Amino acid sequence: MKIFCLSSRTWLCVAILSLALFAPVSAKAELSDERKSELAYFLEQDCGSCHGLTRQGGLGSPLTPETVAETDDETLFDVIMNGIPGTPMPSWKPLFSQDEVHYLIKLIRKGKDYDG
Amino acid sequence: MMVKFRPYVLTLFALLLSGCVHEGLRGTGDMGLVIERTDGSILIVDHSVGKSLGRIEGLGDLSHASAVYSRDERYAYIFGRDGGLTKVDILTRKIVGRVIQGGNSIGGAISQDGSLVAVSNYKPGGVKVFDSKTLDLVADVPAKEAGETKGSKTVGLVDAPGNKFVYGLYDAGEIWSLDFSKGRTPKITKYRDTGTQPYDGLITPEGRYYISGLFGEDGLSLLDLWHTDKGVKRILGGYGKGEKALPVYKMPHLEGWAVADDLAFLPAIGRHELLVVNRRTWEEVGRVPIHGQPVFAMGQPDGRYIWVNFALPHNDTIQVIDVETLKVIKTLKPGKGVLHMEFTPRGDKVWMSVRDANRVDIYDTSTFERLGHFEAKRPSGIFFTNRAHKIGL
């Protein structure tokens, strides 16, 4: 009976738990957490090869939130997907989906200190 | 006056002395360093025992970092991406000098006489030269002409005989040389129109030929340093003619010059091939189809095999090419992010950094078996001290 006395709180817990359980599932429909952390790692390490681990630039332009502030998402998307002909920036289309590129743009805008 | 020691006192002395030798004195010929690119640290390593001896921290942004050694093989000069030039004593494992010399740098070289260290910069461009003992600035050579506001990125900086440094200008498409043979004010020689977007350069092991790899065109540029009056000529022009270039997810590096017999092996840009060149005529003599876009093509010290690593998405693989048959004889899968390889001086072993596994692997070059490994945080470049005595490294 005691259990039933606590029932409203228990149900609340169940509700919260289910939300918590369902949240990753709905996120997975877009990108899994695992994939997100792979993308964050990729951005740091592999984009970092040309743009610098601190994203201050190198062979490639700087990729800090400030330096991309004036560039809209559409342009960034186009640059990542199609590259910049005549420069070493390649088209990443063969390696990433559109959703993944949008997520990379989100990470770039958040900056280096955001850990994904 | 004669002093007599009892035997046990002598034994004690001997023990103490041997203890001191063991702890205090050692050569550095089997030492080296591994760059830990993310944490701005390096590991000091011993390749006789295949281990890390300790970590040095505080070297800044080490993405794309590289190192050269003083001729006594005691000091390493590490070139960081953030413009940091750090001098490290590998015996005491301490930083003994550090300057932030530019905004964004890409590599460096030490002069033939060991007295100068040059650093190549992306931002603000140009090359700065430092005293190797004190790290005091000796020369600052912007890569621009009078009236120009923006300097060119400089790439492929190497040392050359005659106390020279040679490098490419990425934006201007030129090769410059700084001659320090007459003192500390360099004589600058500029070679114009040497090819579009030189992305890296190398000098042949005897120090005679400087070669620029070109991103902006199919081909490479060759400068004969014995006959500089003849200028720069293009070699392997149009090696990709009629073919659609594949995306390049990491720029090749030419530092690992692979030479065997009369042949040289160079990574193609935008092709999954190694280009094989005759070193006398500089004509293409063949191509080796390989697993992906090559990054490093490095000759085993005995010249028998060429080891190649790859750009994304093939960076989990190493291929070994037999110089006699020009065929891939072995494909290894050490793990994701194999960024660099380094041979022990006589080539019995090869070390490789496996970035994503946080590991350095050690392979036997005769059996291709992995002999051991140790942990390293996001390892990239591996540099053994025998580089101290090699032109261009």
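Let's start with a hairpin in chain B of this predicted model. Strands S28(B) and S29(B) make up the hairpin, with 5 residues between them. Look for Gly347(B) in the turn: its phi is positive, at about 85 degrees. S28(B) covers residues 338-343, while S29(B) covers residues 349-354. The two strands pair in the antiparallel sense, and 5 bridges link them. If you'd like one bridge to find by eye, take Val338(B), whose partner in S29(B) is Val354(B).

Now stay with S29(B) and turn to another partner, strand S30(B), at residues 359-364. These two also run antiparallel, paired over 6 bridges. Here you can pick out Val350(B), which has Tyr363(B) as its bridge partner in S30(B). S29(B) and S30(B) form a hairpin too, with 4 residues between the strands. In this hairpin, Asn358(B) is the residue to look at, with a positive phi near 50 degrees. So S29(B) pairs with S28(B) and with S30(B), because at least two bridges between strands are what it takes to count as a pair. How many of the 6 residues of S29(B) are buried? The number is 5, so the strand is mostly covered, with buried meaning under 20% relative accessible area.

Next, let's see where the chains meet. On chain B, 23 residues are in contact with 23 residues of chain A. How much area does this bury? About 1,900 Å² is buried between the two chains, and carbon and sulfur atoms give 53% of that. That kind of number is handy because the size of an interface is often given as the accessible area lost when the parts come together.

Zoom in on the charges at this interface and you'll find 1 salt bridge. It joins the side chains of Arg355(B) and Asp46(A), with 3.2 Å from N to O. There are also 12 residue pairs in polar contact between the chains.

Finally, hop over to Thr64(A), in the loop between helix H3 (33-51) and helix H4 (65-68) of chain A. Is Thr64(A) buried or exposed? Its relative accessible area is 9%, so Thr64(A) counts as buried. Leaving out residues up to four places away in sequence, Thr64(A) touches Thr54(A), Arg55(A) and Gln56(A). Also look for Gly111(A): it sits 47 residues from Thr64(A) in sequence, yet their C-alpha atoms are 5.9 Å apart in space.

Definitions and conventions
Residues numbered from 1 in each chain as written. Chains lettered and ligands numbered in written order. Predicted model: local features only at pLDDT ≥ 70, side-chain atom pairs only at ≥ 80, totals over all residues. Heavy atoms only, no water. Contact = heavy atoms within 4.5 Å. Buried area = accessible area lost by both parts, 1.4 Å probe. Salt bridge = Lys/Arg side-chain N within 4 Å of Asp/Glu carboxyl O. Polar contact = N/O pair within 3.5 Å; in protein donor to acceptor, adjacent residues only side chain to side chain. Buried < 20%, exposed > 50% of the residue type's maximum accessible area, 1.4 Å probe, protein only.
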